[in-house]
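I opened the model to look up its sheets and its overall dimensions. My entries follow in the order I made them.

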Amino acid sequence: MLAESLVVALLAIAPVSARPEPDFWRRALSAADVRTCALTDEAPHVKAPKANAWAPISPQDVKDVWKFVHAPERALNLTDPANATLTDNYVFLVDTLYLNKTQVLSYIDGDADQPPKYARVVIFEGGKEEPVSQEYMVGPLPVGAETTIAPYDYPFNGGLGGKIPYDGRYMDGKRTAGYQPLLKQAMTDVADITKALFNGTYYGASDPRTDIVAANTGPHSLDGSQSWITIMFRYPGAASYVTPIDFYIILDITGTDISKYTLRGYVTNTKFFKTADELRKAFEAGEITNEFPQTRDQEWALLKAVPEMGVRDLDDRIAPQSIEIGGKRYKLDRENQYVEFMGWSFYMSFTRILGLMFYDIKFKGERIIYELSLQEAAAQYAGNQPKAANTGICLFESDSGYPVARHRYGSGGNPNGFSNIAAVKGSALHARTIATIGNYDYLFDYAFHVDGSIEIEVRASGYLQSSPYYKDQTNFGARVGLGTQGSFHDHILSWKADFDIISSKNSLQRTDLIVVNQTQPWFPELGSFEQMELKAYNMEKEQQFNWAQNGQSMYCVVNDEEKNAWGVSRGYRLVPGRSNVHLSTHNSPFSKHSSHILKSHLAVSKHHDNEPYGNSWQNVNLPLKPQQDFSKLFNDESVDGEDIVVWFNLGMHHYTRSEDIPVTLYSEAVSSIVFAPQNFHDRAQEGDLQNRRWITSNATTGEITYEDYGLQLPTCKVALEEPSTKILPWLKI
């Protein structure tokens, strides 16, 4: 029965009037040798043209780099992170160093040797007289006699290179442990008050009397010259993000001397109290209340079936599944993380800082994009409380849900109402990864379509980072629970797309749809009337810009030195998809200079090897003096006929709602963009696809005939399996 349903599904490219008699496939199945589909077979092997220059450094390299930097002759005075404190020097991160494009091109396009690999090492240097976080480059790798260590400064334009002041560095476990004694004391001093108001107390994370959990949000500094921590409290449990209580504490944690840390104050009922005595005085005077008590019961917020809601009719049947019934149509070089699919080819890489990246993306042997990589994922919240202001990967082909092309030619005298129908099946290869970052599960999907287009899509699910509910603060978000308000916020994610259409000499062409007045001599009675025209020109200088209102401008990356058969510059169009937004606030002190990349839909800059990043992972605590200032990439340089980089943002304004409980839904929180061929070819790229049907209807008898191009509908049994850890083990992450 399952195989039968698959045949029915595969016939769906034909219209109802063109399908065989109802028992056609039943007769075919009864006579067929029904086999089990090899859904878990390995993808065919292909050898990459060259070794992957961008591949992550190996686990052995990481171990060797670790030993190298800890060797006494390096004089870094490093302590094992397991034993380190704030005043020690210790390694925080070992990652793969970004390779300069000019080096790589001479390798992949020429006869140069493969560029040597380097490691990117972040060391927290709390033991120095001036404590800092410093990035280093270690290489060449593998570690040997020529391996050296040097500051990794050149990609950062904030003025200090790879150095970050201690108070602007990442809030890791050591810094968290440093302020715990002060937090414990400050909360113990008001334990009776929190018990009375919220039925919860905090005596320290490891104290058995503690029955609320502490959480913090950034930024923790503005420019690295000072540091604070804002701590909110929640009821513990799997859904703690949606059970906040109305109590916050702010600590001054500037420097490495924890004896100098101080209490800045408490916040509750939207009131600020500098000391425990001030808070106690207000509490005893009845000035502090808990009007909407939070519940400790979190069953209402768990992503489980809810018996009280009943069961929908026929939901006891398994939902439709996307399966590669004909076998895998993509090829892999596992060692080099190289993929080929229906004319596409590309390399994949991964870093702990930037995640999944794509390089040397080609269609039918011609380069479209040199690099496609995520640069930033940010969320900025609205609200009037202090808080509010693991990756894996899957590669699969799926049905697009629509034919890539279709046309019906009708004939009124034909018994079936048509003479012929043509349809070409649409499908795409998806590289999908899900990153759980705190409360959110971001789903990143890169789809390589058979028509030569690339679609980048991001979806967000997971728990709201919610706030306590106040009836006078509905302008910041909707009430979603007994004592919970969903705070409105922006999700903005930035990408880098280094286009190389055929070569590195590209331009960003803007075509405006304009309205002009005109007359036509064959209709003189109309006089002057409006007509649409196109005005195309290349953007001259580096700039940030937004999508045009009403979609009345088209942006294409073109190569004016390469023409198609019709004399038109070959290129790729940037097509806005769903929910193309940018950051709403432009002058917030918490993102003023650190997030310029988020403040427009699009940007174009000239490529430079010393400008590989649009942002820095350390910018979060340096909003007024960032390590990497995106605005400094724009120096009025020409981008006409140059090696250009397009930066784009996806995201959504998250208008919180009760349907965000238990978690935000992927179906609604989604944003996308498409890169589509624009005169890149001489015609649409469907003519060489064999997954199609040409259906004709005899004008006299109505007999229907099919041209199947040698691809008959398969019949087989299907055995679906639950996901396992064996999914794509070849990607070494």
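In what order do the five strands of the open sheet run? I read the order as 7-8-9-10-11, with antiparallel pairing. Strand 7 (213–217) and strand 11 (271–273) stand at the edges with a single partner strand each, so one side of each has no neighbour in the sheet. From one strand to the next the twist averages 30°; axes are lines fitted to C-alpha atoms, for helices over the stretch in contact, and angles run from 0 to 180 degrees between N-to-C directions.

Notes on terms and source. The model is predicted: local features need pLDDT of at least 70 and side-chain atom pairs pLDDT 80 or more, while totals for chains, interfaces and linings use all residues. Residues are numbered from 1 along each chain as its sequence is written, and side-chain values use heavy atoms, with hydrogens and water left out. Helices (H or I, at least four residues) and strands (E, at least two) are DSSP runs numbered from the N terminus. Two strands count as paired if DSSP finds at least two bridges between them.

Strand 7 joins strand 8 (residues 228–234) in the antiparallel sense over five bridges. I looked up Ala215 and found Met232 of strand 8 as its bridge partner.

Which helix lies across strands 7, 8, 9 and 10? I found helix 5 (residues 173–188) there, running at about 125° to strand 9 (244–252); strand 10 covers 262–268. Contact here means heavy atoms within 4.5 Å.

I then turned to a second open sheet, of four strands in the order 18-19-34-35, with antiparallel pairing. The twist averages 10° from one strand to the next. Strand 18 and strand 19 (residues 420–424) pair over five antiparallel bridges, and I noted Ala423 in strand 19 as the bridge partner of Arg406.

Last, the whole protein. I count seven helices and 36 strands. The C-alpha atoms fill a box of roughly 95 × 70 × 65 Å along the principal axes. Of the 733 residues, 49% are buried, meaning under 20% relative accessible area with a 1.4 Å probe, protein chains only.

Conventions. Buried < 20%, exposed > 50% of the residue type's maximum accessible area, 1.4 Å probe, protein only.
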